[in-house]
Amino acid sequence: MHIVVCIKQVPSSIAVKIDPATQALTCTGSEFLINPFDEHALEAALALKDSAGAKVTVLTVGSAQAADALRETLGRGADAAQLISDPAFAGCDAWATSKILATAIQQLGGVDLVLCGKQTFDGDTAQVGPGLAEFLGWSCVAFVRKITLEGATLQLERMFEEGYEKIALPLPAVLTVGKEINTPRMASLKGRMAAKKAQLAPVTAAALGLAPEAIGAQSARTRLAKMAPVPRKTGGIKVDGADAAAAAKLVVEKLREMKLV
Amino acid sequence: MGINYGLSEQQIEIRNVMREFSKERVIPARAELDEKEEFPHALLQELGKMDMMGLYIPSELSGFGGGSLDFCLAIEELSRICIGVSVSYAANALGSYPILLFGTDAQLKKYMPPIAKGEKYCAFGLTEANAGSDAGGIQTTAVLKGDKYILNGTKQWITNGGEADTYTVIAMTDKNKGARGASAFIVEKGYQGFSFGKKEKKLGIRCSSTRELVFQDCEVPKENILGREGMGFIVAMKTLDTSRPGIAAQGVGLAQGALDEAVSYARTREQFGKPIIANQAIQHMLANMATKTEAARTLTYAAARTIDSDEKDVSKISAMCKLFATDVAMEVTTDAVQILGGYGYMREYPVEKMMRDAKILQIYEGTNQIQRNVIGAALIKEYASMK
């Protein structure tokens with residue numbers, strides 16, 4: 001079985017700034033890490049490799065420094081990695097990223113399963129996984145919390161706010177996973193030493209046969225109008241429940257005050 | 001900022017692997033492991049998968065093939081966060097050294113690969129109730145009967161006792177010969193007549209397992225002897241010479257960990273309208289702590305490099321680094337508690353545990369008084385040989 005894991009390198013600091021001119025995230029000077037949900041996708045792939053045997057290839061679309069993230073995945077046990085990088089990809093949106101990844105997966109050939117994190121830590125769209133499934137013409141299940149392989153069929157559990165759904169799905173398929181699925185392993189010493197030596201020449205738009213106008217900023221199907229940080233949730237009002245009668249009285253008073261009752 | 005210790009690329013990688021592991025896995029676990037006195041099995045299992053359990057074991061025996069300095073760097077990083085975990089880790093090496101230094105090919109091939117992979121743990125059994133500093137006073141006996149040695153006696157305060165599968169044990173094959181009558185054996189958990197005493201309750205390093213090894217007519221195959229009959233004391237002394245920089249590395253790491261906590265607290269704690277680090281009284285304490293920690297590190301790395309250079313006699317430098325680094329650890333952890341004041345005394349902050357943990361370093365693998373004896377004896381020998 002050949003499993004592809006798609007990862008993104010994201011800034012580790014949550015104190016990234018929004019550039020008022022471009023509305024893009026600026027993260028110069030921050031440290032970078034693998035998008036946390038993608039680490040769970042990699043772990044799910046490595047767990048399948050351990051239990052059933054598989055080749056695991058990791059793909060990322062990013063700048064040259066994303067090679068560090070790929071080396072980390074090789075250190076953890078991935079068999080191969082591709083840095084898909086081209087100045088022409090600058091400003092590409094979720095649609096274009098999905099297109100690029102789907103093209104790379106088609107070019108690899110013989111891929112049975114694609115695993116992605118359910119969303120990224122920075123862009124937060126949760127669109128790339130389902131998007132590349134669309135380009136590949138494969139089934140997609142998002143928010144997966146458990147994967148077992150029975151022959152050529154995946155037995156899955158998909159998360160909901162309350163409870164979960166059991167799904168049987170034939171391969172090939174694209175899955176996106178959440179943090180509930182596993183605890184990502186750390187890279188081994190031998191793995192890290194070997195990964196340092198790995199050659200990660202960038203795979204360009206030309207190598208994938210993608211015309212520059214088909215990807216990148218000019219091809220973007222979405223336009224970013226404004227970006228703003230999500231307001232922090234406030235604590236709300238806490239009512240001490242030790243004295244039930246007094247607490248109930250207080251709640252009713254508050255509700256009346258807010259003209260809700 | 002940093003000091004150039006001339007570490008190789010591999011050594012820096014070893015340090016990074018253990019630093020990240022300690023931060024990601026040990027920090028969230030250490031207080032609970034201490035509180036529950038729970039052996040850090042899950043952490044050691046993960047270290048096994050990360051090639052760290054076999055760091056000091058040759059690659060042909062499924063290890064990583066690292067040297068003493070490689071191993072010290074790993075112990076130092078783990079000790080920066082918790083020496084209860086790091087002693088459980090490093091005691092595998094203490095138990096393994098007798099086999100690595102004196103084992104036959106067959107013994108090496110049988111016992112070392114599972115230890116290198118972290119599938120089995122190892123422990124060293126030397127100390128007894130009446131044979132601590134005076135290792136010559138060992139009462140456990142081994143009598144050859146046919147193709148088996150019959151062991152009788154009790155080993156005390158054995159780190160990794162009960163958790164380990166492989167034990168290297170010193171017992172007397174000829175009591176009349178004193179130290180020359182001791183021999184070393186490999187004893188497997190599960191051998192008839194081999195059992196464990198209760199888990200000891202300790203001041204510090206509480207997550208580590210410390211138990212008695214009880215031998216009652218325990219049958220050990222004749223081929224499990226290490227070296228020859230009568231070599232037990234040499235096996236023990238060479239083992240300790242090799243392992244002592246590891247204890248020094250625990251001291252260096254622990255002192256560094258305490259310094260880390262003290263500096264970060266002093267920068268944020270405000271009294272009289274300014275952070276307490278603005279006070280010269282605090283700065284001077286921190287400066288002493290940092291300088292002593294660095295001096296301990298330098299001596300420890302020098303000792304480890306001496307061992308890695310295959311120097312024949314390493315007793316003196318090995319005792320010196322153990323003595324110095326562990327005294328520094330006790331002092332620096334005590335000062336860290338002082339800097340954190342009332343908060344430092346509370347279990348909510350990690351420094352009270354660090355101070356409790358530090359004390360054992362001055363006691364185990366030869367008390368610091370015994371280290372001075374070793375250094376003194378080496379000086380006498382050294383100067384006597386001068387013309």
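Let's start with a turn in this predicted model. Strands S10(A) and S11(A) make a hairpin with four residues between them, and in its turn A:Gly163 has a positive phi of about 85 degrees. The pairing of S10(A) with S11, residues 164–170 of chain A, is antiparallel and runs over seven bridges. If you look along this pair, you will find A:Gln155 with A:Ala168 of S11(A) as its bridge partner.

Now turn to the other neighbour of this strand in our tour. S10 (residues 153–159) of chain A also pairs with S9 (residues 139–150) of chain A, again in the antiparallel sense, over six bridges. Here A:Lys146 stands opposite A:Glu157 of S10(A). The hairpin of S9(A) and S10(A) has two residues between the strands, and A:Gly151 takes a positive phi near 60 degrees there.

Next, the helices. In chain A, the axes of H2 (residues 67–76) and H5 (residues 189–197) come within 7 Å and cross at roughly 140 degrees. Because of that angle, H2(A) is oblique to H5(A). Their crossing is right-handed. H2(A) brings A:Arg71, A:Leu74, A:Gly75 and A:Arg76 to the contact, while H5(A) brings A:Gly191, A:Arg192, A:Ala195 and A:Lys196. Sorted by class, these are two nonpolar, two polar and four charged residues.

Finally, let's see where the chains touch. Chain B gives twelve residues to the contact and chain A gives seven residues. On the side of chain B, the largest share, seven residues, comes from helix H1 (residues 9–36) of chain B. The residues on that side of chain B are six nonpolar, one polar and five charged.

Conventions. Residues are numbered from 1 along each chain as its sequence is written. Chains are lettered from A and ligands numbered from 1 in the order in which they are written. This is a predicted model: local features need pLDDT of at least 70, side-chain atom pairs count only at pLDDT 80 or more; totals for chains, interfaces and linings use all residues. Two residues are in contact if their C-beta atoms, placed from the backbone, lie within 7 Å. Ala, Val, Leu, Ile, Met, Phe, Trp, Tyr, Cys and Pro count as nonpolar, Asp, Glu, Lys and Arg as charged, and the others, Gly among them, as polar. Axes are lines fitted to C-alpha atoms, for helices over the stretch in contact, and angles run from 0 to 180 degrees between N-to-C directions. Angles under 35 degrees count as roughly parallel, over 145 as roughly antiparallel, 65 to 115 as roughly perpendicular and the rest as oblique. A crossing is left-handed if the near helix is turned anticlockwise from the far one by less than a right angle, and right-handed if clockwise. Two strands pair if DSSP finds at least two bridges between them.
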